[in-house]
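Below is a short report on one structure, arranged by topic.

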Amino acid sequence: VEKRYKLTIDGEPVDYKVWDDEISQIEKIRTVIADLASKKIKSESIVILSSKARENSVVNKIDPSGMIIGNYGENNSGCFAWFSTVQSFKGLESKIILLVDVEDYSDEKMMYVALSRARSQLIVFESKDAHKQRINLIKKR
């Protein structure tokens, strides 16, 4: 007798936010952060991931002081969310992941790590080119 298993995942479908340029990415991230804040989600539940170091990430332009978005692993009480590079967050997870600065999907291993860290909600901020690339990858499967 063959057994079939169903994998059930609690959470929302992946939410993709497509941006044209850095300014539109910043606006979309701020809108999502405001929405999450209005839902009174605990800060330890929200991690913003990027393949880029903070100084090169859009996060640094949103919050250069680190007062709203702290660095993951540092003791910054009062921060709304935490920032980490994808590479540093490998093996860890968070209830909500915001993946920012997605300009392409060419690094499959890094994207796998980034896309598999969320336990309940994953929001991906991807460029128009990355969006086209992702759609083409889906079509090829």
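Which residues line the largest pocket?

## Basis of the model

This is a predicted model, in which local features need pLDDT of at least 70 and side-chain atom pairs count only at pLDDT 80 or more, while totals for chains, interfaces and linings use all residues. Residues are numbered from 1 along each chain as its sequence is written, and side-chain values use heavy atoms, with hydrogens and water left out.

## The largest pocket

The lining of the largest pocket is formed by Y16, Y105, S106, E108, M111, L115, Q133, R134, L137, I138 and R141. A pocket here is an open set of points on a 1 Å grid over the protein atoms alone, where a 1.4 Å probe fits, with protein on both sides within 12 Å along at least five of seven lines, and lining residues have an atom within 4 Å of a point.

The volume is about 260 Å³, taken as the space filled by probe spheres set on the points. Helix 4 (128-140) and helix 3 (108-115) each supply at least two lining residues, and the largest share, 4 residues, comes from helix 4; helices are DSSP runs (H or I, at least four residues).

## The loop residue D63

D63, in the loop between helix 2 and strand 3, counts as buried because its relative accessibility is 4%, where buried means under 20% relative accessible area with a 1.4 Å probe and protein chains only. A polar atom of the D63 side chain lies 2.6 Å from the backbone nitrogen of I69.

Note on methods
Buried means under 20% relative accessible area, exposed over 50%, partly exposed in between (1.4 Å probe, protein chains only). A polar contact is a pair of N or O atoms within 3.5 Å; within protein, one must be able to donate a hydrogen and the other to accept it, and residues adjacent in sequence count only if both atoms are side-chain atoms.
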